[in-house]
Structure formats: C-alpha cells, structure tokens
Amino acid sequence: RMIKSLKDFRRRSVETVLETVGKTDKTVDPEFDIHVAKFQLMLHDMNECGAALHSYLSNQKVMFTDAKELASSLSRIYQSNTSMTEEDWPNSKCALSCDLQAIDFARQWVKLSDVTRSSSAAVCAEQALDRLRNAVTKMGPEIDAAVKERNIQQKDYDSYKRRLKALETKKETYDNEGKGASKAALENAEELEKFQRKVETGLENYNYHNKKTKDDIIAAKLNHDEIMDHLLTTTLVCQAELFSQTAHQLNLIIKSLPDQRKVEQIRQRIHDFEAQGGVKSEKPDKSKNFSILPKVALTSSAPIPAPPAGERKSTPATAVANPAAMTHKPPPPPPASNPFAESGNPFADDSSPPASPSAPSAPPVAVVEKVVDVKKDSATLVEALFDHAAEEEDELNFATGDVVEVLEISDNGWWKGRCHGKEGLFPVNYVQPYNS
C-alpha cells in the first residue's frame, strides 16, 4: 500500500509539473471551474456577512449599555438636585422640571438594555449568526475536500491518457518497423491493454467526482440561499422589535415632558438635516470636543458621593492600622497646572476616538482585598456627617449624627460597621472620628 501511495504521489506530482509548463493535455470542464469560483466568492460573502452581524451585535450591546449609563447619570443628577435643601446649597434653588421623566428614563433604559436588547440579540445569534457560522464551517471544508478529490481523479485520468498515448506511439513504431511480433512489442501490447482499462476506469472516476462536486456546490448554493433568506428575516424582525419597543418607551416619556414646544423644535432640526441628505461628514472636530474638567479638591464640607457599589470590591486595599486615618477621604489632588486650562477628552488620547467611561474592571482572581478586624475590647466609633441610604443589601443605613461602630477598616473607601443593631458597608467620606 505504501509503495502504491508513493507511485500515486509521484505520478500526480509529475502531472502537476507538466500542467504548469503546458506539456500535457489537461482535461478541462469550464462549468466546474465556474462552480468552484462562484462557491469561493459565496463563501467569502458569507464570512463577511457573519463578521458584520457579529460586529453589529457587539456594537449594539455597547450602544445600549452606554445609553443606560447616560440615563443613569442623568437620573442621579436630577435626584441629587431635587432633594437639595437650603442648607445644602445656600441662596440657591433647583429649577429642574423633568425629575420624574429622568427617573423613568433611567428605569426604561435598564429594561431596554438588560431585557429587550439581550432577548433580541439572543434570537438573532441563535437563528441567524450561529446558523450561518455552522453552515460556513461545515460546507467550506466539505467542498474543499470534494474539489481536492476531483482534481486527484483528473490528474490520474490525464496521466493514464498520457501514458496510453506513449504506448500507442511505441506500438505504431514497432508495426512500421515490422517488429510487431517481437518480445518488446508483445510487452508493449500488454501495457497498452492495461492502460486502456486504466483510462476507462479513470474517466469513470473523473466523471463521477466531477459531477458529484458540481452537485455538492449547487446543493451548498441552495442551502446558502435558504440560510440568507432566514438571516435577513431574523435580522429585520429582531431590529424592528428592538427599535420599535425602544421608540415606544422613549416616546411615552417624551409625551410627558413639560415643554412640548422644545420637543418639536428638536424634531424639526433632525428633519432639516434629513432634508439635506443627512450630515455629509461626521469626522470629529477637535475644536468642538467635549471637555471633561479634572476633579479638584473640595474645601467645603459638602458630601462627596460614595464610591460606586461595583468599585468597592474591585480595588485591592492596603490595611489601615491607625484609627486616625478615618478622616474625610478627599478626591485626588488637583494637577500642578490650571485644571480649567486643559482641553480634550481625558478618557482617550488624541489618536483615538472619545470613548464612554466604562465600569471598573474586576480584579484578578488572586487579588484579595486586605481588611483589618477591629478588636472588640478597643471599639472604634465614628459619627455620621451625612445621611446614608443603602442602595444594596450589604450596605448600612444611618442618619446624620448617628454613631457607627467600626468592625472592619480598609483603604478602598468602604468600611464595615454596626448601627442600630444592623451591620453593613458604608462610605468612609460620610463619617468623622467620634468624640464622646
């Protein structure tokens, strides 16, 4: 078997070389060549479509997450301002009029991003993307293998034809020289008969694989057509459901806005751009980039927002051994230069497009936050400077003036304490050392 494989390999290699230099009568089927070329183009287009759909679903998730974060930020602004008192900001009043809409805006975007979008994306991935991926990964190798086997049969057939032709030429020479009965002529006749049978078998094998491969490509094309129809339908329905439900929920909020005249002005401005054929160039203008002012240290006793819930467990903390360190934790110090002279987006350098702030990354698994258990015989007490309403189950509620017993201290902005018989986490910048 090994010897036969080596002979087959040598024969096909020779045939390939002869085909390359044009010294053999290669069997050609123009229809087969068209089928293969069209299939390769079809497979390339399917790959491009799959990559585009994958990118669309990924970017859709980013877009809806950013929209949810924007709505959440607006809601926090409205809630903090509408609950502001004269003591919080003397000689000032809140003129915001859309607090209910802002809260509803944030609530709806949580649902739209976490429920509606994820459901639409799951159906689109299941019914369209996965089906397309499975088809490409299956039909590509199958057709490649079929084409390879067909080409092997074509080379075998052509090599048998070439060998038969040489034997026929030699027979003619023996006959012309009157040596038809010689031993060499008889041996040549046996070889001639053997290769006549090989040519017949080779032609049968070639025709079979040539036709089968073309049939397989046509079947793949029909499968492609059915898959693409289903992909288009699925994508359209998923997009329509997602965007129609999004538009419906947002329009309900828009209808409740107090200034409907402003709503119509904004809509008209959009329609004006549409009438002009849209915005021709959307390249960012650096002179118009939104500028985020760096944080500066506060000199007043106004409360600093507590660290986000997701952040309190994400930053490894250094243990704090000195209770005196429980003073108000300020934000990062201001830069040496004038903070208000900086321009551009600090979240991205000039070489990259502005990016939306993202949630803090989770720490590596090996990183464990260090905390210090406060000994019971030397209880550490702190006094609440501001009210703290728990936003999560593991947080601690207290009011201004409450005394909190510290159970665990850490340098990540969140400590563990006990107040009114309950235990939980609280932001350090909401308390001060207690002087009994």
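Buried means under 20% relative accessible area, exposed means over 50%, and partly exposed is in between (1.4 Å probe, protein chains only). This is a predicted model, where local features need pLDDT of at least 70, side-chain atom pairs count only at pLDDT 80 or more, and totals for chains, interfaces and linings use all residues. Residues are numbered from 1 along each chain as its sequence is written, and side-chain values use heavy atoms, with hydrogens and water left out.

Start with Glu193, which is partly exposed at 45% relative accessibility. (A salt bridge is a side-chain nitrogen of Lys or Arg within 4 Å of a carboxyl oxygen of Asp or Glu.) Both sit in helix 4, four residues apart, so about one helical turn separates them. Helices (H or I, at least four residues) and strands (E, at least two) are DSSP runs, numbered from the N terminus.

Next, select Arg131 and Glu226, a salt bridge at 2.5 Å between the closest N and O atoms. Arg131 is in helix 3 (residues 99-176) and Glu226 in helix 4 (residues 183-255), 95 residues apart.

Then jump to Arg418 in strand 4 (residues 414-419). What does its side chain meet in a salt bridge? Pick Glu405: the N to O distance is 2.8 Å. Glu405 lies in strand 3 (residues 403-409), so the pair ties together parts 13 residues apart in sequence.

Last stop: Asp29, Glu31 and Lys214, linked in a network of salt bridges. The whole structure has 19 salt bridges.
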